[in-house]
Amino acid sequence: MAKKGRIFSGMRPTGPLHLGHLVGALENWVKFQDEYDCIYCVVDWHALMSEYKDPTELKTNIRSMVADWLACGLSPDKSLIFVQSDVPEHLELCMAFSIVTPIPWVERVPTFKEQVEALQEKEVYTYAFLGYPVLQAADICLYKADTVPVGDDQLPHLELTREIVRRFHNLYGVQVFPEPEARLTRTPRLLGLDRRKMSKSYGNFIALSEEAVSLNKKVLGMVTDETRIRKSDPGHPDTCNVCSYYRVFAQDRVETVEKECTGALRGCVDCKRELAEILENTVKPIRARREEILGNSDTIDAILADGKARAASIARDTMNEVRDTLHLPLRKA
Ligand code: ATP
Ligand code: MG
């Protein structure tokens with residue numbers, strides 16, 4: 001079957017993957033493997049931008065993330081899976097894009113100010129972090145991807161990528177890159193336990209590797225409808241974080257749960273107990289597959305070595321086109 005186009009997407013190896021990754025991105029990543037030519041990248045340079053003070057966990061996090069990907073259904077037979085820092089052309093194209101990107105374009109990206117504020121102890125007010133979306137644009141364009149499956153926090157970065165591509169083409173009178181489009185799932189932003197976006201770095205997540213005991217504890221600690229004091233008070237499912245999880249993970253239960261909640265027939269603790277069970281059933285098979293994969297340490301190394309070779313060959317060709325455009329000496333194979 002002819003493929004519809006090329007997919008590129010990445011994740012930062014900054015900690016365990018969580019339910020937000022599953023419903024916000026990975027479900028699409030897995031589904032698209034049969035429809036598109038797919039390239040999935042462990043973006044370790046992007047991870048260092050916030051973890052530079054203590055990078056000691058990086059290698060462990062890379063392996064753990066690839067294990068999560070495979071456990072969720074990514075297959076090295078269908079997709080190219082590799083590590084960003086294994087292919088130095090990412091940094092070269094990032095430099096070429098940095099040269100043509102006006103500073104106000106990166107300064108106005110909303111995630112920059114938000115993250116500087118949210119991650120104060122990590123001191124991400126750096127030159128590299130300002131350029132985070134420029135490196136992301138290079139990641140995508142190096143493989144000439146036209147489709148990028150991501151969560152909605154990434155939409156401003158995709159918009160900037162398209163602007164950089166247009167500027168590059170206009171400046172040099174060439175057409176080298178497609179203007180990539182984001183693809184969202186039906187849950188482009190899963191809220192965390194504290195109602196902010198579920199994030200590795202906010203500590204408000206339920207991991208795909210979460211053990212049953214801690215999963216249960218986290219769910220039972222969730223805040224429900226704050227206006228509901230007693231079980232006999234009618235609840236407000238529209239504003240309840242726990243109810244929003246039913247809409248994502250147990251659609252078949254939503255109607256009953258909402259009816260019982262508004263009719264004061266079910267208490268919040270019962271609601272959370274049931275949700276904990278639903279989420280445990282979601283992560284249990286992933287957790288088991290992940291353990292199996294991590295038990296066989298050669299598998300991940302082999303996948304990443306193969307991915308590196310295949311990615312490097314595409315990257316070299318694109319970078320030579322860019323070198324040619326910029327009148328830089330070409331690089332021989
Ligand atoms: P960090 O806090 O380290 O930035 P993160 O949890 O935001 O971690 P990323 O590696 O930045 O994870 O994101 C990887 C992909 O997963 C991106 O496409 C992002 O949009 C998506 N994603 C992350 N969190 C969520 C979420 N809560 N809901 C939906 N999609 C998400
Ligand atoms: Mg993030």
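**Entry 1, the ligand shell.** I sorted the residues of the shell around ligand 1 and got five nonpolar, nine polar and five charged. I'm working on a predicted model here. There are 19 residues around ligand 1, and I noted Thr14, Gly151, Asp153, Lys197 and Ser201 as the ones that come nearest. I then looked up which element gives the most to this shell: helix 1, residues 19-32, with three residues.

I went through the N and O pairs next. For His21, I found a polar side-chain atom 2.9 Å from an oxygen atom of ligand 1. Gly151 uses its backbone instead, with a polar atom there 2.8 Å from a ligand 1 oxygen. From Lys197, a polar side-chain atom lies 2.7 Å from a nitrogen atom of ligand 1. How much of ligand 1 does the protein bury? I get 97% of the 590 Å² that ligand 1 exposes when taken alone. I also checked the site, and ligand 1 sits in the largest pocket.

I turned to cavities and counted one of 30 Å³ or more. For the largest cavity I have a volume of about 70 Å³. Which residues line the largest cavity? I listed Thr224, Asp225, Arg228, Cys240, Val242, Cys243, Cys261, Arg266, Gly267, Cys268 and Cys271. By class, I put six of the lining residues down as nonpolar, two as polar and three as charged. I noted two helices in that lining, helix 11 (241-249) and helix 13 (268-295), each supplying at least two residues.

Key:
Residues numbered from 1 in each chain as written. Chains lettered and ligands numbered in written order. Predicted model: local features only at pLDDT ≥ 70, side-chain atom pairs only at ≥ 80, totals over all residues. Heavy atoms only, no water. Near = heavy atom within 4 Å. Polar contact = N/O pair within 3.5 Å; in protein donor to acceptor, adjacent residues only side chain to side chain. Areas by Shrake-Rupley, 256 points an atom, 1.4 Å probe, with all protein chains shown as cover. 1 Å grid on protein atoms, 1.4 Å probe; cavity = no way out; pocket = protein on both sides within 12 Å on 5 of 7 lines; lining within 4 Å. Sits in = over half its atoms within 2 Å of the grid points. Helix = DSSP H or I, 4+ residues; strand = E, 2+ residues; numbered from the N terminus. Nonpolar A, V, L, I, M, F, W, Y, C, P; charged D, E, K, R; others polar. Points joined across faces, edges and corners; volume = space filled by probe spheres on them.
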